[in-house]
Amino acid sequence: MIELLQTLKLMFDQVTKESYLEINNSEKINYPYLTYSLDIDNINRNTDGFYLDIDIFDENSSFINIFNLESLLRENFDFNQKFTDGLFLRFYFQRSFSVATQSDTLKRRNLQIYCKVDWRNK
């Protein structure tokens, strides 16, 4: 599982260094940023599927920065395959939608990416 989390972090860092697992706990918040979490389902003995839930935040009057990050995420993840010593990952974009924030300047968008992981060293 550690190798999976490390691989995901590297992939998200290719999109933006402002990417965080679960919570952005930085002392100074730099916008835009994204957070991600994952829920895992067992498919069979050596294969799991998981949903990456990604939230993109920006403090701006428009969604332009968020849509730019969303495009980069889709370019880097959708139909991507990643091989490591212990993993074979396959990514598929599922959906995206805006989330109300009750603010004129804080913008938020949620994306979901599905990933199949074959654990190569199990």
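Through how many residues does a hairpin join β2 to β3? The hairpin runs through two residues. The structure is a predicted model, in which local features need pLDDT of at least 70, side-chain atom pairs count only at pLDDT 80 or more, and totals for chains, interfaces and linings use all residues. Residues are numbered from 1 along each chain as its sequence is written, and side-chain values use heavy atoms, without hydrogens or water.

Strand β2 spans residues 33–44, and strand β3 spans residues 47–59. Strands (E, at least two residues) and helices (H or I, at least four) are DSSP runs, numbered from the N terminus. β2 and β3 pair in the antiparallel sense over eleven bridges; pairing requires at least two DSSP bridges between two strands. S37 has D53 in β3 as its bridge partner. β3 also pairs with strand β6 (residues 106–119), in the antiparallel sense, over 13 bridges. Here I54 is bridged to L111 in β6. β3 is mostly covered, with eleven of its 13 residues buried (under 20% relative accessible area, 1.4 Å probe, protein chains only).

Helix α1 (residues 2–15) packs with helix α2 (residues 64–77). Their axes come within 9 Å and cross at roughly 135°. L8, M11, F12, Q14 and V15 in α1 meet L69, L72, L73, N76 and F77 in α2, where contact means heavy atoms within 4.5 Å. By class, this contact has eight nonpolar, two polar and no charged residues.

Definitions and conventions:
Axes are lines fitted to C-alpha atoms, for helices over the stretch in contact, and angles run from 0 to 180 degrees between N-to-C directions. Ala, Val, Leu, Ile, Met, Phe, Trp, Tyr, Cys and Pro count as nonpolar, Asp, Glu, Lys and Arg as charged, and the others, Gly among them, as polar. Buried means under 20% relative accessible area, exposed over 50%, partly exposed in between (1.4 Å probe, protein chains only).
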